[in-house]
Amino acid sequence: METRVLRANILLLLTALIWGAAFVAQRVGMDHMGPMTFNAVRFALGALALLPCIAWMDGRRTGLARAYPLRNGLLPGIALFLGAWLQQLGLCYTTAGKAGFITGLYVVFVPVIGIFLRHRYGPGTWGGAALAMAGMYLLSVTGGFSIGKGDALVLGSAAFWAIHVLLLGRLTKGIAAVDALRLASVQFAVCALISLAGAAVSEDISLSGIRAGLIPILYGGLLSVGVAYTLQVVAQRDARPAPAAIILSLEAVFAVMAGWLLLDEMLTARAMAGCTLMLGGMIWSQLRP
């Protein structure tokens with residue numbers, strides 16, 4: 001059992017690294033197309049990338065095993081769309097590093113939403129939440145007590161990432177690996193279809209723009225979606241919730257590092273202090289639940 005937990009934690013760390021670097025790809029992709037167009041293409045790529053593996057693993061399923069109901073991917077797919085859309089739209093107005101840290105607040109939103117599911121949390125959780133919100137203030141709130149448009153949108157996306165994590169935690173416990181892949185593919189397809197419908201209504205879908213942003217789309221579709229989200233689904237079958245949330249929160253650190261290395265993004269001393277408080281709050285809320 002411990003070996004399976006360790007393997008799950010390693011997969012989650014790799015997931016956090018891929019997601020952190022993906023903020024750069026998502027930010028660059030906005031130079032060439034709208035947020036819904038970008039999400040439609042990348043999540044479609046992610047869904048298609050899993051089909052050969054699902055077909056191969058399905059062929060090895062024993063005759064007594066029942067197929068996993070595809071409808072289980074609908075609600076995670078809707079939550080995924082809302083989180084990805086708000087995050088992608090927010091990246092049009094803020095930096096990759098700031099977006100990464102604000103997105104990490106979903107770790108704090110998980111216990112907040114858990115209250116409505118009758119989950120109980122101790123003072124450590126709320127102390128971590130207070131630290132994270134103080135960091136959010138330093139990172140994003142200006143002297144005029146207003147939060148930037150991009151930061152506000154990404155903050156909204158964090159709430160839907162928390163809902164997505166809770167849904168996956170409920171739907172993936174005890175299922176077979178092939179069913180975890182099936183769930184991942186279905187939720188990607190749902191997200192892609194909703195994004196495509198939104199893009200057709202509100203954006204100018206241009207093949208030239210898609211070609212110009214091909215590299216960010218390939219990273220976002222094949223690695224960030226096809227690989228990383230699938231690793232999350234597979235790992236959450238065996239991972240313990242608190243360590244898993246801490247590991248995934250490192251996505252924020254990787255996002256800042258990637259933004260600094262690849263986009264020359266810099267953070268002020270105030271913003272760095274905010275990032276430190278946010279990361280501390282994310283970790284504390286999980287270590288001292």
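## The cavity and its lining

Helix H1 gives the most to the lining of the largest cavity, four residues in total (helices are DSSP runs of H or I, at least four residues, numbered from the N terminus). This is a predicted model, where local features need pLDDT of at least 70, side-chain atom pairs count only at pLDDT 80 or more, and totals for chains, interfaces and linings use all residues. Residues are numbered from 1 along each chain as its sequence is written, and side-chain values use heavy atoms, with hydrogens and water left out.

The count comes to one cavity of 30 Å³ or more (a set of points on a 1 Å grid over the protein atoms alone where a 1.4 Å probe fits but cannot get out; lining residues have an atom within 4 Å of a point). The largest cavity holds about 170 Å³ of space. Its lining has 16 residues, with Trp19, Thr103, Trp161, Tyr229 and Glu251 nearest the centre. H1 (2–29), H7 and H10 (214–235) each give two or more residues to that lining. By type, the lining splits into eight nonpolar, six polar and two charged residues.

## H3 against H7

H7 (residues 149–171) also packs with H3 (residues 74–90), at an angle of about 160 degrees and with the axes 7 Å apart. That makes the pair roughly antiparallel (over 145 degrees). Leu75, Pro76 and Ala79 of H3 are among the residues making the contact, as are Phe160, Trp161 and Leu167 of H7 (heavy atoms within 4.5 Å). The contact residues come out as 15 nonpolar, seven polar and no charged.

How values were computed: Axes fitted to C-alpha atoms, helices over the stretch in contact; angles between N-to-C directions. Parallel < 35°, antiparallel > 145°, perpendicular 65-115°, else oblique. Nonpolar A, V, L, I, M, F, W, Y, C, P; charged D, E, K, R; others polar. 1 Å grid on protein atoms, 1.4 Å probe; cavity = no way out; pocket = protein on both sides within 12 Å on 5 of 7 lines; lining within 4 Å. Points joined across faces, edges and corners; volume = space filled by probe spheres on them.
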